[in-house]
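Please look over the sequence and the model shown below before reading on. The briefing that follows takes up charged side chains and then the chain as a whole.

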Amino acid sequence: MNPSFLPPDDLPRWMSNDLELYWEFNEVVSRLFYNACDQQIQQLLSKCGWNLITGGDGLTLVLICPKNNLTWQMLKSLETLGDYLHQLGKQAKIRIYPPPTTGSPMEVLV
């Protein structure tokens, strides 16, 4: 069993603290990323579900696009999104989830 799927109250105290710090760190990095983006990218992000995940393999921007046209707009903005991600770290990738039943998720290294 992977203990990270347990609620914080069920985790050992040391792990609960580590997870809380990890979540806070991701939240801060996400805010830095969003604030660095121009208004056009911020508007696109606000129309999608998104999350920025930090890890040993760099940053991963996860985009969940509820409409096909948003998926295409995000694909056209990959270079710009990559530029903003590189301001926060050297290694980054973007994972895009299109609307359900319209395709498979795609992942792009930037």
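Arg 95 counts as partly exposed, at a relative accessibility of 23%, where buried means under 20% relative accessible area, exposed means over 50%, and partly exposed lies in between (1.4 Å probe, protein chains only). Through salt bridges that share partners, Arg 95 belongs to one network with Asp 57, Lys 93 and Glu 107. This is a predicted model, in which local features need pLDDT of at least 70 and side-chain atom pairs count only at pLDDT 80 or more, whereas totals for chains, interfaces and linings use all residues. Residues are numbered from 1 along each chain as its sequence is written, and side-chain values use heavy atoms, with hydrogens and water left out.

**Salt bridges**

- The search of the whole structure finds 4 salt bridges, each defined as a side-chain nitrogen of Lys or Arg within 4 Å of a carboxyl oxygen of Asp or Glu.
- Side chains of opposite charge can pair when their charged atoms come close.
- Arg 95 and Glu 107 form a salt bridge in which the closest N and O atoms are 2.6 Å apart; because Arg 95 lies in strand β3 and Glu 107 in strand β4, this pair ties together parts that are 12 residues apart in sequence.
- Glu 107, partly exposed at 42% relative accessibility, also meets the side chain of Lys 93 in a salt bridge (3.6 Å, N to O), and that pair links strand β3 with strand β4 (residues 106-109) across 14 residues.
- Lys 93 meets Asp 57 as well, in a salt bridge of 3.1 Å from N to O, and this pair joins strand β3 (residues 92-97) to the loop between β1 (49-55) and β2 (58-64), with the two residues 36 apart.
- Lys 93 counts as buried at 12% relative accessibility, whereas Asp 57 is partly exposed, with a relative accessible area of 46%.

**The chain as a whole**

- The protein chain holds 4 helices and 4 strands, which run α-α-β-β-α-α-β-β from the N terminus on; helices (H or I, at least four residues) and strands (E, at least two) are DSSP runs, numbered from the N terminus.
- Of its 110 residues, 35% count as buried.
- Among contacts (heavy atoms within 4.5 Å) with a separation of 6 or more, 50% are accounted for by residues 24 or more positions apart.
- The protein chain exposes about 7200 Å², of which carbon and sulfur atoms supply 55%, with areas taken from the Shrake-Rupley method with a 1.4 Å probe.
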